[in-house]
Amino acid sequence: MSNHPPKLSVIVPCFNIEAYVPDTVTSLVHNDRDDFEFIFVEDRSTKDSTYEALLTLTKRLTNSRVVRHERNGGLATARNTGIDCAEGRYLTFLDGDDWLAPGYLAALVDRAERLDVDFVRTDHVQVTGTAREVHRAPEGRRDKPLDPRSSILPVDATTMVDYPYAWAGVYHRRLLDRGLLRFHDGLRTAEDRPWIWELHRRADSYAVASLHGVFYRRGIASSLTQIGDVRQLDFFRSFDLVLQELAEDPEVGRLRKKALRNYCVVIAHQLLDRNRFERSVYARLRQLGAEALERMSTAELEEALVGMGEKRVHALRRIHGGMKGVAA
């Protein structure tokens, strides 16, 4: 590698994913370039030899390093460790159990350079077993610079703040210099929520590209989305952070409505997925959910729940007695 800083830093947090590391690293080999660096953050795996596998497999990459945490810190903290190590002009993320199509990173950087925006978001391919399904970023305006705030609303539609996946995009280093790229340390789920809200509120420009090179695994046993332990409840802290940070926004009146609707949707989704949770965790979920709803005014709840559907509204009514008159 030359003495110049890399053009792209790829940050790959890894925890208990030894079985998937060969596919992940091989996909990066097929994206390797002299001006790219690959930073693997091993978050103190507890069930397998992820660290040892990384040390062996990453030798195939031109410029890579494996950083190991002294103790497990969760996904947000692992990403921050990678950000702190990164030297690239652009940064991107890949979860350790996902993979990329050959040549995807070069296409991503090319798009970012041509559009000259703070960040570029992309579509992705969801992988469930042998099934493949393209998931489009919820913004129809493609390959043109946009105001990030213009993609937050409307309240009752799926927008870019509802598509928080950090790995579906690339981010210019100037965002890091402005304090906009780091995650809230310690968050073990929904870590992307406050992060994506801050990007769309405070960055100057962004674009959406129709690239389908990220392959995102769903339904694997080690994924936190499949585990019903107390870590799942970090989404309460995530949304509380969104609301806390929105309080200082000049458009708080408009944007808070969107955040509250998102919050209610996620609470309802988790309540309806009760069979995934340990009994004590589900009880805690109900308690925290009731407290979150109690902090919203009746008017805010009524507006947030319009058109949400009877099943979701019923799930929320069961934990919050003040919603008897709220319509679905």
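# Briefing: aromatic pairs, fold and sheet

A search of the whole structure finds 16 aromatic pairs. One of them joins Phe93 and Trp195: the ring centres are 6.4 Å apart and the planes stand at 85 degrees, so this pair is edge-to-face. The model is a predicted one. Its chain holds eleven helices and eleven strands. Of its 328 residues, 54% count as buried.

**Aromatic cluster**

- Six residues form one aromatic cluster: Phe93, Phe119, Tyr171, Phe183, Trp195 and Tyr206.
- Phe93 belongs to strand S4, residues 90-93, while Trp195 belongs to helix H6, residues 192-202.
- The pair therefore ties together parts that lie 102 residues apart in sequence.
- The edge-to-face label follows from the plane angle of 85 degrees, because angles over 60 degrees count as edge-to-face.
- Phe93 has 2% relative accessibility and counts as buried.
- Trp195 also counts as buried, at 2% relative accessibility.
- Both calls rest on the cut-off for buried, which is under 20% relative accessible area.

**Arg79 over two rings**

- The charged end of Arg79 sits over the ring of Phe93, at 5.7 Å from its centre.
- Arg79 also lies over the face of Phe183, where the distance to the ring centre is 5.1 Å.
- Phe93 and Phe183 are both members of the aromatic cluster.

**Overall shape and packing**

- For 328 residues, a compact globule would have a radius of gyration near 20 Å. The chain has 20 Å, so the value agrees with that expectation.
- The C-alpha trace spans about 65 × 45 × 35 Å along its principal axes.
- Among contacts with a separation of 6 or more, 78% come from residues 24 or more positions apart.
- The chain exposes about 14300 Å². Carbon and sulfur atoms supply 47% of that area.

- Strand S7 (residues 124-128) and strand S8 (residues 131-135) run antiparallel, joined by five bridges.
- Strand S7 and strand S11 (residues 214-218) run parallel, joined by four bridges.
- Val125 stands opposite Val134 in S8. Val125 also stands opposite Phe215 in S11.
- S7 and S8 form a hairpin with two residues between the strands. In this hairpin, Gly129 takes a positive phi near 65 degrees.
- As a general point, strands of a sheet pair through backbone hydrogen bonds, either parallel or antiparallel.

**An exposed loop residue**

- Asp34 is found in the loop between helix H1 (21-29) and strand S2 (36-42).
- Its relative accessible area is 54%, so Asp34 is exposed. The cut-off for exposed is over 50%.
- Asp34 and Asn63 are 29 residues apart in sequence. Their C-alpha atoms are 7.3 Å apart in space.

How values were computed:
Residues are numbered from 1 along each chain as its sequence is written. This is a predicted model: local features need pLDDT of at least 70, side-chain atom pairs count only at pLDDT 80 or more; totals for chains, interfaces and linings use all residues. Side-chain values use heavy atoms; hydrogens and water are left out. Rings of Phe, Tyr and Trp (its six-membered ring) pair if their centres lie within 6.5 Å; planes under 30 degrees apart count as stacked, over 60 as edge-to-face and the rest as tilted. Buried means under 20% relative accessible area, exposed over 50%, partly exposed in between (1.4 Å probe, protein chains only). A charge sits over a ring if NZ of Lys or CZ of Arg is within 6 Å of the ring centre and within 35 degrees of the ring normal. The radius of gyration is taken over C-alpha atoms; the globule rule is 2.2 Å times the number of residues to the power 0.38. Contact means heavy atoms within 4.5 Å. Accessible areas come from the Shrake-Rupley method with a 1.4 Å probe; for residues, only the protein chains shown count as cover. Two strands pair if DSSP finds at least two bridges between them.
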